[in-house]
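Welcome, and thanks for taking a look at this structure.

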Amino acid sequence: MSDRAAGPRTIPPEELEELRREARPPRHVGARLRRTEDRRLLTGRQRHVGDLRVPGLAHAAILRSSFPHARLTRVDVSGALAVDGVLAAFTADDLRDRVGPFVESGREEVSPLLYEKIDLRIEPLPMAVLADGLVHWVGQPIAAVVAEDRYVAEDALERVEVEYDPLPVVADAEAAIRPDAPVLHPGMADNVVVRFRVEAGDVEEAFRRAPRTLRRRFRMGRQVANAMEPRGVLAGWDAGREELTVHLTNARPHLIRTFLSRMLGLPADHVRVVAPDMGGSFGTGVFPEDVLIPFIAMALDRPVRWLEDRRENLANTRHARDQIHDVEVAFDEEGRILALRDAFLVDSGAYNPYAITVSYNAAAHLRGQYRIDHARIECRNVLTNKAPVTPVRGAGRPEALFVMDRILDVVARELDLDPIEVRRRNLIPPEAMPYPMGMPYRDGVDIVYDRADFPGQLEQALKLFDLEGFRAEQEAARREGRRLGVGVACYVEGSGYGPHEGAVIRIDPSGHVTVHTGAKPHGQGLETTLAQVCADQLGVRPEDVSVRAGDTALIAYGVGTFASRSAVTAGSAVGIAALRLRRRVQEVAAELLEVDPGDVEVEEGRAFPRGAPERGLTLAEVAAAAGPHPRVRVPAGSGFGLQAEYYFVPPTVTFSSGTHVVGVEVDEETGGIRLLRYVSVDDCGQMLNPTIVEGQIHGGIAHGIGNAILEEAVYDEEGQLLTGSYMDYLLPSPTEVPPIEVGHQEFPSELNPFGIKGVGEGGAVGPPAAIANAVVDALRPLRIEIDRVPLTPERLFRLIREARERKEAG
Amino acid sequence: MGTLAERRRVALRVNGRDLEGWAEPRMTLADFLRDELGLTGTHLGCEHGVCGACTILMDGRSVRSCLLLAVQAEGHDLVTVEGLEAPDGTLHPVQEAFSEAHGLQCGFCTPGFLMSVVELLRTHPDPSEEEIRTWLSGNICRCTGYQNIVEAVKLAAARAREGARV
């Protein structure tokens with residue numbers, strides 16, 4: 001508690017309690033409302049950055065490093081400038097002293113409370129917008145060419161001459177920490193950019209007493225977010241007013257504004273950042289182009305747009321995962337895990353823009369749903385000559401769960417116990433909730449799991465899956481020589497990360513309600529769900545509410561949409577602002593109706609005295625009475641208009657959870673894996689719209705399936721990217737993703753007034769662990785162990801061959 | 001270089017209207033539709049013919065507009081996502097089914113899926129789940145996990161068999 005008192009001011013418990021009492025019961029919330037955003041998306045009427053029409057628009061293309069590590073001895077753009085139609089070209093020389101340093105946003109977001117608690121060290125590592133003297137990964141921006149047309153700009157890139165003096169390459173995390181490894185960044189002592197160590201309970205003592213221990217190494221490959229819309233940035237400069245307007249594909253417009261304001265030396269309110277419709281994101285991050293293109297627009301005094309192509313995207317944008325865990329568990333003969341040690345490496349790539357987001361998430365979620373009171377987790381983020389890693393859907397959790405649920409499986413098989421039974425023995429029981437995990441979350445607040453029923457969730461999932469039926473099917477298939485298996489994974493997810501999200505809600509003169517928020521939906525359906533929340537708490541119909549997001553001009557502060565946070569944080573802000581606005585409608589209507597404000601009901605967009613709906617007023621009438629004019633009918637001193645603004649600062653994250661069960665068939669001869677069925681049971685508290693919740697889960701599971709069996713950004717030993725197109729990087733298609741069945745538990749969160757927990761990422765967390773466990777189960781007679789994903793046919797084929805050889809050898 | 005002199009006039013039919021525009025011989029059909037004709041509903045996800053976001057119908061058959069040149073479309077009859085809705089604003093049954101079954105999230109890949117599904121239902125009025133998944137395996141969606149896209153196709157197929165125009 002003393003920590004919280006010393007820390008940032010979050011919403012106090014008594015205020016939360018009061019709001020929970022005041023909150024109106026869900027009516028539109030929880031309904032399977034059709035999405036209001038669909039019509040424009042289905043008819044080609046949405047507007048992405050690439051769709052915007054701007055007079056006088058110039059087009060930028062970016063020259064990128066073809067070397068993973070080199071000194072740039074010459075960057076000569078004169079050839080490009082000679083191309084007909086080229087307007088300008090830029091290199092680091094043009095930016096030096098004119099663009100401030102690109103500071104890692106993740107480092108600034110680390111809670112000061114955390115440093116001491118986890119013995120944290122982060123080396124500052126600002127990145128240049130255009131490579132200045134050195135390049136550190138294949139794809140790093142070196143120069144930009146601007147032309148009248150995108151085709152010409154790309155032609156001209158070929159006329160830029162770059163001379164590289166190659167330097168020794170660090171191709172993976174293990175190479176990065178070798179004593180003789182080349183140090184990638186001048187000024188650093190080694191390639192370790194983050195170190196932390198966190199401990200719960202008494203690990204040494206628990207290991208000393210444990211009857212058995214075992215140790216394994218697990219790896220998760222590098223996945224790329226792959227939003228279907230590549231990024232884009234369009235910037236316009238009003239030289240007269242000294243105002244910059246930037247449209248870009250980024251779900252954190254307010255953060256981008258902060259970067260632009262600082263790096264380009266402009267007052268924040270002279271920078272407007274708009275994120276129009278976005279084709280997904282699946283992660284977060286500020287990228288060099290987000291600053292480069294605005295800088296160019298200012299320098300040329302012309303609107304400029306850059307549109308990323310897929311090759312650029314695969315080489316640069318939101319690389320993720322890429323961790324190696326050395327884990328040791330202490331356990332008893334019944335398969336109960338008594339203690340755990342994990343030392344892991346995160347291959348951060350060439351920079352570490354998100355500091356500890358991914359690595360600490362992995363640590364904080366490592367023990368998942370299991371009761372393991374003694375744990376020590378040590379982490380190093382290391383630098384290599386690959387694209388920088390950023391948080392992507394799950395952000396550390398899929399890696400952690402893969403480690404935890406695999407090691408549990410290994411323990412079960414070591415003891416010849418049923419892995420599902422071993423899970424039952426280790427799950428935290430419902431009567432122990434809320435459960436303290438003995439270590440802080442990333443916000444510095446001690447982790448306490450919300451009320452939940454993990455064993456109930458597992459049983460519900462097994463029932464939905466029909467485990468008994470599947471076991472019979474498995475046995476029948478075995479007799480035909482076919483290999484079926486079932487795998488389980490059980491996760492938790494800290495959701496609704498702060499520091500805040502806000503809402504400004506206005507009732508306009510026509511009586512229509514508009515919600516403005518700093519969250520920025522890109523597929524999550526917030527235009528629908530936030531309208532549902534607003535409708536309930538204000539007393540209007542969802543169709544009376546429009547939701548506007550993704551524009552710094554709409555609201556003073558915003559954080560954005562990522563980390564399963566918007567339903568929780570923006571949802572709470574909208575609900576609370578709507579409750580306040582309802583009070584305002586009541587007080588103005590009370591003047592008009594000549595009753596007490598407390599006796600005014602607001603329902604379906606009408607305000608009326610309790611019990612006398614026929615005496616009702618429309619919101620337009622109430623708005624007219626509240627407007628700024630001499631005949632205003634508002635309580636003295638209460639100001640004009642119908643508007644409420646609220647910023648929700650959550651006490652800490654709220655824990656969602658889920659259990660996945662998957663059935664697979666493995667082809668022993670090819671190593672191919674076919675997914676037969678997938679079941680998920682989740683708890684995301686009060687669902688705002690179950691259809692949207694299920695859609696989030698389906699999509700997350702498909703993302704996780706890619707992570708488990710298909711997707712990997714592969715670099716060779718020389719640091720060259722081998723997966724630069726969709727011919728090499730395989731995304732799941734409709735034929736790889738099986739039918740998905742979803743069940744729900746609803747344990748309302750107690751950390752916000754409406755009981756909401758996040759759900760955006762959960763689906764992506766389970767599949768690598770569940771599928772790997774299912775494959776092990778399918779190949780039980782061979783006793784293979786899977787320690788690495790993606791489990792491509794080639795990798796599995798080798799495991800099968802090795803197992804057969806072992807078996808034959810005796 | 002892209003000088004005006006090298007541009008060709010391209011005349012074609014798009015969404016039932018005869019249109020003309022100018023294109024360099026190397027300009028892709030997708031860029032021509034988007035930048036020259038202003039039909040930005042056709043999206044570019046990979047520009048190398050894998051993701052299917054740019055799928056349109058050309059003479060009734062689905063094509064990837066990022067792999068065709070504008071000049072190859074001269075004289076052909078195209079339908080893009082903008083051509084699905086009825087003139088009175090009624091959604092096409094496939095669009096309606098996608099909305100009803102929550103078959104879209106961010107909506108970026110959706111135009112390509114819609115065009116593929118329209119072709120599927122014209123050629124296979126009663127597709128099985130496997131046929132649907134196989135047919136759509138040339139379209140990538142990162143949001144939905146395909147579950148509700150498949151549901152939407154089943155729904156649209158059922159409606160079409162009841163007499164809705166596809």
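Two strands count as paired if DSSP finds at least two bridges between them. With that in mind, A:Glu199 stands opposite A:Arg376 in β16(A). Please keep in mind that this is a predicted model.

**Chain A as a whole**

- Chain A contains 25 helices and 30 strands.
- Along the principal axes, the C-alpha atoms of chain A fill a box of roughly 95 × 70 × 50 Å.
- A compact globule of 810 residues would have a radius of gyration near 28 Å, and chain A agrees with this because its own value is 28 Å.

- Strands of a sheet pair through backbone hydrogen bonds, in either a parallel or an antiparallel way.
- Inside the order you will find β8 (residues 192-200) and β16 (residues 375-383) of chain A, which run antiparallel and are joined by 8 bridges.

- Another open sheet in chain A has 3 strands in the order β5-β2-β7, with antiparallel pairing.
- Its edge strands are β5 (134-135) and β7 (161-166) of chain A, and each pairs on one side only.
- Strand β2 (residues 70-76) of chain A pairs with β7(A) over 6 bridges in the antiparallel sense.
- Two places to look along that pairing are A:Asp76, which stands opposite A:Glu161 in β7(A), and A:Val75, which stands opposite A:Val162 in β7(A).
- β2(A) also pairs with β5(A) in the antiparallel sense, over 2 bridges, and here A:Arg71 stands opposite A:Leu134 in β5(A).

**A hairpin and its parallel neighbour**

- Strands β10 (residues 232-238) and β11 (residues 243-248) of chain A are paired in the antiparallel sense over 6 bridges, with A:Ala235 opposite A:Val246 in β11(A).
- β10(A) and β11(A) form a hairpin with 4 residues between them, and A:Glu242 in the turn has a positive phi of about 55°.
- β11(A) pairs with strand β12 (residues 271-274) of chain A as well, this time in the parallel sense over 4 bridges.
- A:Thr245 has A:Arg272 as its bridge partner in β12(A).

**Helices α11 and α12**

- The axes of helix α11 (residues 253-264) and helix α12 (residues 288-300) of chain A come within 10 Å and cross at roughly 50°, which means that α11(A) is oblique to α12(A).
- α11(A) passes α12(A) in a right-handed crossing.
- On the α11(A) side, the contact is made by A:Ile256, A:Phe259, A:Leu260, A:Met263 and A:Leu264, while α12(A) brings A:Asp290, A:Val291, A:Pro294, A:Phe295 and A:Met298.
- The residues of this contact divide into 9 nonpolar, no polar and 1 charged.

**Helices α15 and α24**

- Helix α15 (residues 397-414) and helix α24 (residues 767-778) of chain A have axes that come within 8 Å and cross at roughly 30°, so α15(A) and α24(A) are roughly parallel to each other.
- The crossing of α15(A) and α24(A) is right-handed.
- A:Pro398, A:Leu401, A:Phe402, A:Asp405, A:Arg406 and A:Asp409 of α15(A) meet A:Pro768, A:Ala769, A:Ala772, A:Asn773 and A:Val776 of α24(A).
- By type, the residues of the contact of α15(A) with α24(A) are 7 nonpolar, 1 polar and 3 charged.

**Where chain B touches chain A**

- The contact takes 44 residues from chain A and 42 residues from chain B.
- On the chain B side, α2 (93-100), α3 (110-123), α4 (129-135) and α5 (147-161) each supply at least two residues.
- The largest share of that side, 4 residues, comes from α2(B).
- The residues of the side of chain B that touches chain A divide into 18 nonpolar, 18 polar and 6 charged.

How values were computed:
Residues numbered from 1 in each chain as written. Chains lettered and ligands numbered in written order. Predicted model: local features only at pLDDT ≥ 70, side-chain atom pairs only at ≥ 80, totals over all residues. Axes fitted to C-alpha atoms, helices over the stretch in contact; angles between N-to-C directions. Parallel < 35°, antiparallel > 145°, perpendicular 65-115°, else oblique. Left-handed = near helix turned anticlockwise from the far one by under 90°. Contact = placed C-beta atoms within 7 Å. Nonpolar A, V, L, I, M, F, W, Y, C, P; charged D, E, K, R; others polar. Rg over C-alpha atoms; globule rule 2.2 N^0.38 Å.
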